[in-house]
Amino acid sequence: MSHSIFAGSMSFGGSHHGQGQQEVPFKTTKESLQVLLLHGNLDIWIMEAKNLPNMDMFHKKLGDMFSRLPGKVSSKSKITSDPYVTVSAAGAVVGRTFVIENSENPVWNQHFNVNVAHYAAEVHFVVKDDDVVGSQIIGAVGIPVEHLCSGQKIEGSFPILSASGKPCKPGSVLTLSIQYTSVDKVSLYQPGLGVPGTYFPLRKGGQVTLYQDAHAHDCGLPKFELDNGLEYKQSSCWQDIFDAISQARRLIYIVGWSVYHEVKLIRGGENAEESMLGDLLKKKSQEGVRVLLLVWDDPTSRSILGYKKDGIMGTFDEDTRRFFKHSSVQVLLCPRSAQKGHSWVKNRETGTIYTHHQKTVIVDTDAGDNRRKIRAFVGGLDLCLGRYDTPNHPLFRTLKTVHADDFHNPNFTEPGEGCPREPWHDLHCRIDGPAAYDVLTNFEERWLKASKQRGLQKLKSSHDDALLKIERISDFVSMADVPCLREDNPETWNVQIFRSIDSNSAKGFPKDPKVATNENLVCGKNVLIDMSIHTAYVKAIRAAQNFIYIENQYFLGSSYNWDSVRDLGANNLIPMEIALKIVNKIKANERFSAYIVIPMWPEGVPTSMPIQRILFWQNKTMQMMYQMIYTALKEVGLENQYEPQDYLNFFCLGNREAPNGETPNIKTSNGSDKTQALARKSRRFMIYVHSKGMIVDDEYVILGSANINQRSMDGTRDTEIAMGAYQPHHTLATKHSKPHGQVHGYRMSLWAEHIGMIEERFKQPEIVECVRRVRYLSEQNWRQFVADEATEMKGHLMKYPVEVDRTGQVKKLPGFETFPDLGGNIMGTFTGIQENLTI
């Protein structure tokens, strides 16, 4: 049977742009190649392709047939391939050109600077034909990794091979150049420029306030001595947001995954009755303040013919819209859509399973001399129910007081008397100075994109003119003129804003994809992408010297290096970069520690299929990292002296309250849930870790809305925002000793909250004595959490309930294959087909 050299394989599923999968179903070389580690940067130019085959022969024949019909004028335009190129290593796409329509000799002239941390034999350049329902492989070029490792630039025109091993068409070539720079030679931080290659530059002279939980002031946390005789003091996030909104005179812009008008920002004390968010915003709007709310439009939340659907996610988006309907507060419910240029499948997927996930509050505030400036709040806290909590994280004690109208526990379908609430731990920050204006720019770009009228919507009132043009307001200070702290002020901050967002969600990206690189944007197949949050994490991990401390709602990625399911598409580099950092430190005989705090299980019912899948991906990520660490220990002969958990540990948070003298009702009749009854009896529950932050060496902090998974890091899935910041006078480089600035105080305060105590060794998280002590305390807390008798827990930090042996194998913890009270396999399960929802 003859085989046409024009035949190709169709590609469906996975990410259609951003970081997806690209397996080459045929060999691109006859040689036997070594699999080597690429860890560093690839500098790539894709110039042009010549003599590509016409992959649209069917469409051409169809057009020819219609052109012969009576009355039809033959079109002179040629129907041919719509080519683009993906660049992949280990099956993971690391770069992608834009699509050029109807061309057999496309010219891209596109530049890529790509972070890599992949074991691969070749870097593949796959030439594909774009189509309505997917894409078709035209051919591929493979560049052996062993040729790249020398660091020499490889350039030229290379034959584009098909499955037959021959050129896909005589004379078909791809012109490119590629050069590899290993991580030890990569410039990580350029002095004064922060993280290079991002959309927003580093802004100097700012001020940052770091928050733990919605309310932390006067909650019993210790103060910490900092350098220069200062003291670290905790602040209360929602109190500060209330004050900022109350004092605004010009504008209040709020972005949220969920914003609920009935949430109270202050619980107890004066102003508590005036702190209902909806009433407060109406009042400010009536005072003449421009109040704009940009909220994710949950597609499952609708009001149809008077019938109200609350929505699967419980975001109250429709309730909030209705509350403000006849006020001057403008609410824009923004759906997550792929918009034009994408397949029908991609549009349905994006609108159904991805969200707008940013959480920001932007206000004007006093700048002195009767002038106004911008202040911004950024982080993980949405202004909605279930988020208000303190470092004490009560389960039962506040159900009739602070949380009387704010009970939240999605694990119980019918919350009843004596049922534990789900405590909520989060990280947030306030930004003053030039970087706050970048947060404003993000809002403006998103608002303008979301308010763009289409079709019948053009008949409705436009939101386009809702944004204040602050440059035209005489008392508003511009970014260039905003008061800043002097560079010689030891308390000054350098701040940089990062995002995960694409041109379908933000207005103002260049229309010409060729100039995307100039604005530090990544080019997708039909979209431009800001992936700077991922870039920031990678650069910060690579620059780390002593330790990394992470709190995140999810932790999964680098699936291309798992022991199975490698084609999942969870290709973010973060887990791989942390593992390689530890591996390199072991080989250099240097100490390094990583502490990672995650929820006991992702929010939801732990026995459900989505949660079980996420736990499975998380377990695969852990297993990969521990295995790499053990292999490195064995290579240098330290496997008997140290174990993988001397370098890497995973924790979760939980609380337990002693009985209050009442006998819990544990009956399960009348349809009540058995798990609910068990939770009432045991008087325990996890503290939900919703944080999205990382601290490096007590000098650099990243905080925002982005989880460590593909949804948040990809740039074309959930929209996210984060900030990275440091105090230039409190770094290892400037002090030549351990920095004890605000970032150090913040990390110590978080540890005091979680561990319930502070010890001198906690000031050196990298030393093995600290690692083992923290692990020991977390194991003690776990034993108290699962004991038969309910006793008061002083510390909340618990070891994540799996066993990691000395060889790096992650196993079920004896006696605890499932979560206490609620069930569900702790290590997760995976059956059925792969999807993008849970990665």
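1. In this predicted model, the axes of helix 3 and helix 4 come within 9 Å and cross at roughly 20°. Axes here are lines fitted to C-alpha atoms, for helices over the stretch in contact, and angles run from 0 to 180 degrees between N-to-C directions. Helix 3 and helix 4 are therefore roughly parallel to each other; angles under 35 degrees count as roughly parallel, over 145 as roughly antiparallel, 65 to 115 as roughly perpendicular and the rest as oblique. Helices (H or I, at least four residues) and strands (E, at least two) are DSSP runs, numbered from the N terminus.

2. On the side of helix 3, Phe242, Ile245, Ser246 and Gln247 meet Leu277, Leu280, Leu281 and Lys284 of helix 4. The residues of this contact divide into 5 nonpolar, 2 polar and 1 charged. In this division Ala, Val, Leu, Ile, Met, Phe, Trp, Tyr, Cys and Pro count as nonpolar, Asp, Glu, Lys and Arg as charged, and the others, Gly among them, as polar. Contact means heavy atoms within 4.5 Å.

3. Helix 3 (residues 237-247) has Cys237, Trp238, Asp240, Ile241, Phe242, Ala244 and Ile245 buried. Buried means under 20% relative accessible area, exposed over 50%, and partly exposed in between (1.4 Å probe, protein chains only). The cover over these residues includes helix 4 (277-286) as well as strand 10 (203-212), strand 13 (251-256), strand 18 (360-368), strand 19 (371-379) and strand 21 (427-432).

4. The crossing of helix 9 and helix 10 is right-handed; a crossing is left-handed if the near helix is turned anticlockwise from the far one by less than a right angle, and right-handed if clockwise. Helix 9 contributes residues including Pro575, Met576, Ile578 and Ala579 to the contact, and helix 10 contributes residues including Thr621, Met624, Met625 and Met628. The residues of the contact divide into 14 nonpolar, 1 polar and 2 charged.

5. Ser558 is found in the loop between strand 25 (547-552) and helix 9. Ser558 is buried, with a relative accessible area of 0%. Not counting residues up to four places away in sequence, Ser558 touches Ala570, Asn571, Asn572, Leu573, Ile574, Pro575, Met576 and Met624. Among these, Pro575 and Met576 of helix 9 and Met624 of helix 10 also take part in the contact between the two helices.

6. Two residues deserve a check of their backbone angles. Most residues other than glycine have a negative phi. Asp213, in the loop between strand 10 and strand 11 (224-225), has a positive phi near 65°, and at 1% relative accessibility Asp213 counts as buried. Asp698, in the loop between strand 30 (692-696) and strand 31 (700-704), has a positive phi near 60°, and at 4% relative accessibility Asp698 counts as buried.

7. Thr731 has its place in the loop between strand 32 (720-726) and helix 13 (732-735). At 7% relative accessibility, Thr731 counts as buried. Leaving aside neighbours within four places in sequence, Thr731 is in contact with Glu699, Tyr726, His736, Ser737 and Pro739. Thr731 and Tyr700 are 31 residues apart along the chain, and their C-alpha atoms are separated by 8.2 Å.

8. Leaving aside neighbours within four places in sequence, Glu155 is in contact with Leu176 and Ser177. Glu155 and Ile46 are 109 residues apart in sequence and 9.9 Å apart in space, C-alpha to C-alpha.

9. For the chain as a whole, there are 15 helices and 35 strands. Of the 839 residues, 61% count as buried. Residues 24 or more positions apart account for 74% of the contacts with a separation of 6 or more.

10. The mean pLDDT of the protein chain is 89, and 88% of its residues reach 70 or more; pLDDT is the predictor's confidence in each residue, from 0 to 100. The value stays under 50 over residues 1-18, for which the model has 49 contacts beyond four places in sequence. It also stays under 50 over residues 454-461, with 3 such contacts. Where pLDDT is low, the predicted coordinates should not be read in detail.

11. Residues are numbered from 1 along each chain as its sequence is written, and side-chain values use heavy atoms, with hydrogens and water left out. Local features need pLDDT of at least 70 and side-chain atom pairs count only at pLDDT 80 or more, whereas totals for chains, interfaces and linings use all residues.
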